[in-house]
Amino acid sequence: FERAARLGRGCADDCARAWHALGSVRLRQRRWDDALEAFERGLAGSPRSSPLLLGAGLARASLQQHEPARELFRRAVAEEPRHGRAWRAWGVMEARLGEVEQARRVYSDGLRSCRGHAPLWQAAARLEKEAGEADRARRMLRAGLRDCSAGERVEGAGGGGGGGGDDGLLLSWAALELGEGRLAQAQQLLERARAAGGGGGGRTHQLQAVLLARQGLGADARAALREGLRAAPGHAPLHTLLGSMLDADNDVEGARAAFREALRLHPGDGRTFHAWARLEARLLNWEGLRLLNEQAQQAFPPSRGGAVGGVSFPDDVVV
């Protein structure tokens, strides 16, 4: 990608695409400084590129440079108001900084511009769920289903698609009801998601397994997980959930193998590290914890500027 960017100096569009691709790879590698450098080099030739502005904003937020990130997100949506991914990234940053009202404003403004962007509705509903406003979250999901079913799906700028669709919204709603202990409603929503085309995805099987476990049907829950892994072997959360269930059954080696596979698929998944660390701590396996900590440090490297962590974003925002 770097060679392509340099060779494309005579064509601003090709050059911008190459720097954007390189920056995206570096974001996924959690190389925040290097990602920012790639996006900024692209912006030098294409300063109004919404995808490059989004990428630079993601890198700045990950480096804990929140005010510059806000300005980059603001510029990205000003250049392309229907860039749903940029609105979502901005809202996610505000939410994870505890700025709930600001996140609400961002999502509200974004949804006025791109009402058919299902992941933006999901993010807005998640904000309300995490703020303890379950009824508001339900209203968001219901409105998203209405607008996204009306044929108004929106593609984000530069290939940042709306995605998610009816099945994604229904699965988010099912997860909400699971969290609220409304198991019958969650089952109905899972059935609707399957009917809408979401039956083969890893998240459907994940939620079904959790639902069965909540009902005390452990064997059925594990069967649902294994069915999900046959259908979607690359879905890391399924492996993490399987590891937790095997840990609860005292199948230590099986749990470790499941956590190991989850981290192979998603090396930066903090939930898997936490679940695996709980297992090793329960066993008083200090050497195992030390090795796991070393692996986590490799997955979450500090930036050259010394910042560790910063705001993390869902994988489908990092493009």
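Biologist: Why is the sulfur of Cys114 too far from the closest cysteine sulfur for a bond?

Modeller: A disulfide is a pair of cysteine sulfur atoms within 2.5 Å, and the closest cysteine sulfur to that of Cys114, in Cys148, is 9.9 Å away, so this is too far for a bond. Cys148 is in no disulfide either, and the structure holds 0 disulfides. Bear in mind that this is a predicted model, where local features need pLDDT of at least 70 and side-chain atom pairs count only at pLDDT 80 or more, while totals for chains, interfaces and linings use all residues. Residues are numbered from 1 along each chain as its sequence is written, and side-chain values use heavy atoms, with hydrogens and water left out.

Biologist: What makes Cys148 count as buried?

Modeller: Buried means under 20% relative accessible area, exposed over 50%, and partly exposed in between (1.4 Å probe, protein chains only). Cys148 has 1% relative accessibility, so it counts as buried. Cys114, with a relative accessible area of 0%, is buried too.

Biologist: Nice! And why is Gln64 called partly exposed?

Modeller: Its relative accessible area is 41%, so Gln64 falls in the partly exposed class. Gln64 also has a positive phi, near 65°, though it is a residue other than glycine.

Biologist: What makes Asn250 count as exposed?

Modeller: Asn250 has 57% relative accessibility, so it counts as exposed. Its phi is near 65°, again positive in a residue other than glycine.

Biologist: How do you know what confidence the protein has on average?

Modeller: From pLDDT, the predictor's confidence in each residue, from 0 to 100: the protein averages 87, and 84% of the residues score at least 70. Over residues 152–163, however, the pLDDT is below 50. Where pLDDT is low, the predicted coordinates should not be read in detail.

Definitions and conventions
Contact = heavy atoms within 4.5 Å.
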